[in-house]
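Here are a few notes to read alongside the model. Have it open and follow the points in order.

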Amino acid sequence: MFWYKFKFRRLLGSVSTTTVKSEVKRTKDEICQLILQYRVKAKDAVQLIEENIYENRSSLKSLDLLNFCMRNCGAVFHNEVLNETFLDNLYRKAKNCRNIRRKVAALIVEWTDKLGSKTDYPYIFCVYNAMKSDGFWELEKKSNYYSE
């Protein structure tokens with residue numbers, strides 16, 4: 001298990017630094033295989049991705065990887081991402097870090113759309129509503145207006 005966690009870290013670093021799209025896709029697939037084959041626990045994978053999100057140099061690429069895993073790694077991964085602790089941390093990071101706000105908002109919208117009215121993960125709807133009531137999308141519209 002330890003060797004696979006080391007391999008996961010190496011692949012995660014590769015996703016953060018590589019710019020060749022085909023290589024990034026292959027690396028993301030390999031990461032998902034480690035999770036799906038239970039070589040790396042979903043909890044550990046989410047924790048390592050979360051650490052990468054909080055390092056500003058690789059936040060957007062780590063969020064892309066998180067979304068890729070949400071699409072391809074199934075319910076085990078969903079359970080780890082869509083829990084209260086992780087979503088609160090992600091929301092706080094987006095609220096305080098302007099460069100990832102748009103990406104986190106897009107992910108929350110995508111995940112709520114895909115989940116529909118499933119009650120398995122009710123907290124994501126709380127985060128979505130909190131973002132909405134905090135004027136999260138209005139802030140983005142204003143920042144886009146002034147940046148043009």
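This is a predicted model: local features need pLDDT of at least 70, side-chain atom pairs count only at pLDDT 80 or more; totals for chains, interfaces and linings use all residues.

**Notes on the helices and the core**

1. H2 and H4 cross in a right-handed way, meaning that the near helix is turned clockwise from the far one by less than a right angle. Helices here are DSSP runs of H or I with at least four residues, numbered from the N terminus. Their axes lie 10 Å apart at an angle of about 50°, with axes fitted to C-alpha atoms over the stretch in contact and angles running from 0 to 180 degrees between N-to-C directions.

2. Residues are numbered from 1 along each chain as its sequence is written, and side-chain values use heavy atoms, with hydrogens and water left out.

3. Now the largest nonpolar core: among its 43 residues, Phe8, Phe77 and Trp111 touch the most other members. Such a core is a set of buried Ala, Val, Leu, Ile, Met, Phe, Trp, Tyr and Cys residues joined through side-chain atoms within 4.5 Å; buried is under 20% relative accessible area (1.4 Å probe, protein chains only). H7 gives the largest share, seven residues.

4. Look at H8 next: Ile124, Val127 and Met131 are buried there. They span an arc of only 60° around the axis, so they sit on the same side of H8; the arc is taken from the directions from the helix axis to the C-beta atoms.

5. Just after H8, glycine 135 has a positive phi of about 70°.

Conventions:
Buried means under 20% relative accessible area, exposed over 50%, partly exposed in between (1.4 Å probe, protein chains only). Helices (H or I, at least four residues) and strands (E, at least two) are DSSP runs, numbered from the N terminus.
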